[in-house]
Amino acid sequence: MESLLIDKTHDETRQGEAFGPSLTDARTYTKSFYIESYGCQMNFADSEVVASILNKEGFGATRNIEEADLIFVNTCSIREKAEQTVRKRLTEFKKLKKRNRKLLIGVLGCMAERLKSKFLEEEKLVDIVVGPDAYRSLPALVNEAAGGQKAVNVLLSREETYADIAPVRLDSNGISAYVSIMRGCNNMCSFCVVPFTRGRERSRDDQSILDECISLFEEGYREVTLLGQNVDSYYFVPNSTNGQEPKPVTFAMLLEKVAQISPLLRIRFSTSHPKDITDEVLYTMQRYENICKYIHLPLQSGSTRILQLMNRTYTKEWYMAKVDRIKTLLPGCGLSADIIAGFCTETEEDHQDTLKVMDYSGFDYSYMFFYSERPGTLAARRYQDDVPDAIKRRRLQEIVEKQNQLSLASNQRDLGKTFTVLIEGDSKKNEREWKGRNSENKMIVFPKSNDPQQKKGTYVQVKVIECSQATFRGEIVH
Ligand code: SAH
Ligand code: SF4
Ligand code: F3S
C-alpha cells in the first residue's frame, strides 16, 4: 500500500534502476555483469564502487540482462515494500538462471546484511550474498560461487570507506555525481533499520574525497553531492605528521575545501540530521555561492511525544527553531523533509502537529511514508505497531495533500524570478528543451537557444514563466 500516495517525482528512494555501460564498455571485457540498484543514494553510490571492483576483475557492465554472466541486485531494507520489490525481481532473475546454469546471482546491500545467510535458504537460486562493507571480497566470492559453493560475506567494518576505490560512474549524465563521505549511522532512531544494515558511523579521509571531486571536475562534472546518512557528523582525524597534533576535519571544513575546488563546481549534500546541522555549516553555505542553497532536513514527525518515541533527540520546537535559523542565515534556501505517518501510538493530535510543523516550515517538497515496522529495531521490540492501516493511509494522504499545497505555493513564489541553472541535459519530453536545476534544487525546463556556448554542464540565467505543483517552465534571459 505504501508507495501509492508518494509523490514519485520527489521520491529519493529510486527503485530498480539498471546501470549499463557508460564509461565502461562491455566489449573491452571478457565477461559482463548487470547491476540493479534500489534504495537511497548511498546504494547507488555503492554500486559504482562495486562496478569499479568488478571492472578490475575483467567484468564489464552491461545493460542487457540476457547477456550477463553475473547479475547483482543492490537492495534496500528501509520499508517492507522495498524488500518485497526485490524479492519479486529475484523471481524474474531465477527464470534466466534456469536457462543459463552458469549465470550467478548476487544480492548486495542492506537486505543482504539484514538477512545474511538466511537469504540463501529463502531464495534458493541466489549464489552470492554480500553486505555493504564487504564489497572488496566480491572477486573471491564470485570465484567461490563459480566453483559451486554458496558465497556469503556480511561482515560489517568500523573502518571501511572504500576511500581508495575510484567509483565507475554508471548511467551518469556526466554532470552530476555522488561522492560518499561517510558510512554507517550511530543514531538509533527507533524505527530505522540502517544502523543494523550499515553498521557504525565512520568518515572517509578528506583528502581522498577532495581528490575524487577534483578528478570529477576535470572530467567535466559540474555538481557533486556529498553523501552520508548523517553528513553533519562527518569528522575525520588525519594521521599525525612530523609529531604534530592532527587537526580534525569537520563537515563545515570539508564543505569549504570542496567549494574551493572551483566556483563552477556545485556542491550539494544529503542527509542532514536536525540535531547536527550547525551554524558553522550554515555560515559556510552563506560564504560560497557554489554550495547549493538547499537542505534536506528530515522531520519524521511534528509531535514532540512521537519524536521522543522515535529517539530523534529533538523536539518540535527545536526543529522549528532550526528552520528559523536556516531562513535567517540563508533567505530563500530550499528545504525538504522526510515524514512518517502513523508511527506507533500516533494520535490525531500528534498527526495535526505534523501538519502544523509542515505549514510552519513551508517545505518545498517532502518524501512521505507510512510507518513500516522493521524487525530488530527498537520500535519493533518495544512498541506496538498499533495505528490501523486505514488510518495510516488517511493520515499519509493528508500529509501528501498538505505538501502538494506547500509545493505549489513555493513554486508560485518563484514565478517571474530569474535563477542560475546548471544545464543537465535534454528535457525528457522534448529534445529542443533543456532541463536543469537551480541552486534550491528545483528542476526547470526551458527552450534551447541558438547560442553554441549553451550546452550540458554550463550555467544559464533562466526566468520562471510557468509552474504547477510539480513542474517549472522558464526561458533563458541574457
Ligand atoms: N539518514 C537519513 C534517513 C535515511 S532513511 C536521516 O536520518 O534523515 C530515509 C527515510 O526513510 C527516513 O528519513 C524515514 O523518513 C524513512 N524511514 C526509515 N525507516 C522507516 C520505517 N521503518 N517506516 C517508514 N519510513 C521509514
Ligand atoms: Fe536511520 Fe536515524 Fe540513522 Fe537516519 S539518522 S539512518 S533515520 S537511524
Ligand atoms: Fe535502504 Fe540501506 Fe539506504 S536500507 S535507504 S539502501 S541505507
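Leaving aside its neighbours within four places in sequence, which residues is Phe269 in contact with? In this predicted model, local features need pLDDT of at least 70, side-chain atom pairs count only at pLDDT 80 or more, and totals for chains, interfaces and linings use all residues. Residues are numbered from 1 along each chain as its sequence is written, and side-chain values use heavy atoms, with hydrogens and water left out.

Contact means heavy atoms within 4.5 Å. On that basis, Phe269 touches Thr225, Leu226, Val231, Phe251, Leu255, Val281, Met285, Ile291, Tyr294 and Ile295.

Phe269 also belongs to the largest nonpolar core, which has 70 residues. Such a core is a set of buried Ala, Val, Leu, Ile, Met, Phe, Trp, Tyr and Cys residues joined through side-chain atoms within 4.5 Å. Buried means under 20% relative accessible area, with a 1.4 Å probe and protein chains only. Leu226, Phe251, Phe269 and Ile295 have the most contacts inside this core. Helix α8 (residues 251–259) supplies its largest share, six residues. Another core, of 26 residues, lies apart from it and includes Ile128, Leu141, Val142 and Val168.

The protein has 14 helices and 22 strands. Helices (H or I, at least four residues) and strands (E, at least two) are DSSP runs, numbered from the N terminus. Of the 478 residues, 58% count as buried. Among contacts between residues at least 6 apart in sequence, 72% join residues at least 24 apart.

No disulfides were found, a disulfide being a pair of cysteine sulfur atoms within 2.5 Å. For Cys213, the nearest cysteine sulfur, that of Cys292, is 13 Å away. Cys213 is buried, at 0% relative accessibility.

Notes: Chains lettered and ligands numbered in written order. Buried < 20%, exposed > 50% of the residue type's maximum accessible area, 1.4 Å probe, protein only.
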